[in-house]
Amino acid sequence: MNHKASIAAPSTVANAPTPGNARERDGQWLLIAGGVLLGTIGVFVEEAGQHPLVTVWFRCAFGALALLAWCLATGRGRELLLNGRARWVACATGVLMVLNWALFFAAIPRTSIAVATVIFHIQPIWVIVFGALFLREAVSPMQWLATLAALGGLVLTTGLLDGTAAAAAASSSGGYMAGVLMCLGGSLCYAGVTLLANTQKTISPFAMALWQCLVGAVALAWAPFVLGWPQQGAAWGWLLGLGVLHTGLAYVVLFAGMARLVLGRIAVLQFVYPLTAVLVDWAVYGRTLSPVQLAGVGLMAAALWTIRRPGRAAVAQSG
């Protein structure tokens, strides 16, 4: 009896989950949860029905309050004390992030949640290109090939080649192609945020997020007074969700998940966000992508995965 027990014990120990495995599993679920939550942003933007700048201001204001509450609860106030160049970098990324959100929110009703979100995720390509042109970052032939493939996937996703864009433009009063260009502009702004953030690695992601919200809340404080306050109570609820859920809670969850995972796993799980947006757009509004657009999404995903793989290009990771 004792002999059999002694044989079984090592097998039990070998199968027991290690602290490292449990930490990685928790990180995966946190990143998945954060990506799924961000994938519902478009619904909140559409249902709120406000001017994009008003929507951005509410997201910044409510998001700053949520992040400040979490900061006080966890005692991380010292991270917010920035000096010199770090403070200017935080403010500059705040301005770019506000422009990014404003362009993205304006693009959603002109295109769709799915199209706007997928096009926005082309931003790692701009990071690669800007890094090579302005920072003299080394770019391998494989990375350049992946960049061209991603741009090809982008063209397919817009629907320019299969008539989807023309049909959408005919039924959209806001201008479909204007929405596509807004998404590209937003992705360029976010690429600038990534590059600037990489110059000041002493700023924690939490501090950067809170500073960006504070900059947006101050810079756009005029927006609701000039462009109008929400007239319906439901709109206030959707805007509150954008700040508390998609900024405060989502950022905290994502930061916690990233701290538990290696870069390669983070790169894969970041595609949960656009995938969720595509599914949410179909489930809530019945809008689907054409086969050609879906092929473009797949091509973009494969190209961006190639760029984001560890050892390929650390500069391509999002900020």
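**Entry 1. Burial and overall fold**

I looked up burial first: buried residues make up 48% of the 319 residues in the chain, where buried means under 20% relative accessible area, exposed over 50%, and partly exposed in between (1.4 Å probe, protein chains only). I note that this is a predicted model, in which local features need pLDDT of at least 70 and side-chain atom pairs count only at pLDDT 80 or more, while totals for chains, interfaces and linings use all residues. Residues are numbered from 1 along each chain as its sequence is written, and side-chain values use heavy atoms, with hydrogens and water left out.

For secondary structure I found 16 helices and zero strands; helices (H or I, at least four residues) and strands (E, at least two) are DSSP runs, numbered from the N terminus. I then checked contacts, meaning heavy atoms within 4.5 Å. Of those between residues at least 6 apart in sequence, 88% join residues at least 24 apart.

**Entry 2. Nonpolar core**

I recorded 82 residues in the largest nonpolar core, a core being a set of buried Ala, Val, Leu, Ile, Met, Phe, Trp, Tyr and Cys residues joined through side-chain atoms within 4.5 Å. Ile41, Val56, Leu67, Trp101, Phe104 and Ile125 have the most contacts inside it. I followed isoleucine 41: residues up to four places away in sequence aside, it touches Arg59, Phe104, Phe105, Leu242, His246 and Tyr273.

**Entry 3. H6 against H15**

I compared helix H6 (residues 113–120) with helix H15 (residues 272–285): their axes come within 8 Å and cross at roughly 170°. Axes are lines fitted to C-alpha atoms, for helices over the stretch in contact, and angles run from 0 to 180 degrees between N-to-C directions. H6 is therefore roughly antiparallel to H15, as angles under 35 degrees count as roughly parallel, over 145 as roughly antiparallel, 65 to 115 as roughly perpendicular and the rest as oblique.

On the H6 side I listed Ile113, Ala114, Thr117 and Val118, which meet Tyr273, Pro274, Ala277, Val278, Asp281 and Tyr285 in H15. By class, this contact of H6 with H15 has eight nonpolar, one polar and one charged residues; Ala, Val, Leu, Ile, Met, Phe, Trp, Tyr, Cys and Pro count as nonpolar, Asp, Glu, Lys and Arg as charged, and the others, Gly among them, as polar.

I examined valine 278 of H15 separately. At 18% relative accessibility, valine 278 counts as buried. Not counting residues up to four places away in sequence, valine 278 touches Ala114, Val118 and Leu289.

**Entry 4. H5 against H10**

I found the axes of H5 and H10 within 8 Å of each other, crossing at roughly 165°, so H5 is roughly antiparallel to H10. The residues of their contact divide into 15 nonpolar, seven polar and one charged.

**Entry 5. Two loop residues**

I located proline 109 in the loop between helix H5 (84–107) and H6. Proline 109 is exposed, with a relative accessible area of 51%. I also noted that proline 109 and valine 45, 64 residues apart in sequence, are 8.8 Å apart in space, C-alpha to C-alpha.

Serine 290 is in the loop between H15 and helix H16 (291–308). With 14% relative accessibility, serine 290 counts as buried. Its neighbours within four places in sequence aside, serine 290 is in contact with Asp162 and Thr164.
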